[in-house]
Amino acid sequence: MIRVFSIVAIALGVVAFAAGGPASAGPVDTDGDGCTDATEMTTMFDYLDPWDFFDPSHDGLHRVVDIILVMQEYGIDSDEGGYTTTTDRSFDGLPAAPDGRVRSDDVLMVVDLYFVDCI
Ligand SMILES: [Ca+2]
Ligand SMILES: [Ca+2]
Ligand SMILES: [Ca+2]
């Protein structure tokens, strides 16, 4: 009897796993940039690139507040107080890994993403 119960329990576990199971709660964001894999794969973003979705406000939207956040740190370098990678990128066709300087290119990148959202 215990053996049958075990087999049934294993079978139910396999079915649950195949169906996505309890471990699949919530959308997947492999690169951790705040944009889900599913959305990144249907947009210009790369679900394996943690820098391309340049969203300083971390709300999934590109609005004026994101531009303001970058402008507030304009001129700051990585060796200065107040620097954060949240507002810094380099440019490689899309926003790429931070270059340690928050300058006009960072402002232009976030402006280019105006109303390009990930929700
Ligand atoms: Ca992502
Ligand atoms: Ca990405
Ligand atoms: Ca930069």
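Residues are numbered from 1 along each chain as its sequence is written, while chains are lettered from A and ligands numbered from 1 in the order in which they are written. As the model is predicted, local features need pLDDT of at least 70 and side-chain atom pairs count only at pLDDT 80 or more, whereas totals for chains, interfaces and linings use all residues.

Visitor: Which pattern does the chain follow along the sequence?
Guide: Helices (H or I, at least four residues) and strands (E, at least two) are DSSP runs, numbered from the N terminus. The chain has four helices and two strands. Read along the sequence, the pattern is α-α-α-β-β-α.

Visitor: Over which residues is the pLDDT below 50?
Guide: The pLDDT is the predictor's confidence in each residue, from 0 to 100. The chain averages 86, and 80% of the residues score at least 70. The stretch with pLDDT below 50 is residues 4-18.

Visitor: Is α3 roughly parallel or antiparallel to α4?
Guide: Axes are lines fitted to C-alpha atoms, for helices over the stretch in contact, and angles run from 0 to 180 degrees between N-to-C directions. Helix α3 (residues 64-72) and helix α4 (residues 104-112) pack at an angle of about 175°, with their axes 9 Å apart. Angles under 35 degrees count as roughly parallel, over 145 as roughly antiparallel, 65 to 115 as roughly perpendicular and the rest as oblique. Therefore α3 is roughly antiparallel to α4.

Visitor: Which residues of α4 make the contact with α3?
Guide: Two residues are in contact if their C-beta atoms, placed from the backbone, lie within 7 Å. On the α3 side the contact is made by Asp 66, Ile 67, Val 70 and Met 71. On the α4 side the residues are Asp 106, Val 107, Val 110 and Val 111.

Visitor: Is Asp 31 buried or partly exposed?
Guide: Asp 31 lies in the loop between α1 (2-18) and α2 (37-40). A residue is buried if 20 or more other C-beta atoms lie within 10 Å of its own, exposed if 12 or fewer, and partly exposed in between, with C-beta atoms placed from the backbone. Because Asp 31 has 17 other C-beta atoms within 10 Å, Asp 31 is partly exposed.

Visitor: Which residues does Asp 31 contact, leaving aside neighbours within four places in sequence?
Guide: Asp 31 and Asp 46 are 15 residues apart in sequence and 8.7 Å apart in space, C-alpha to C-alpha. The contacts of Asp 31, leaving aside those neighbours, are Tyr 47, Leu 48, Asp 49 and Pro 50.
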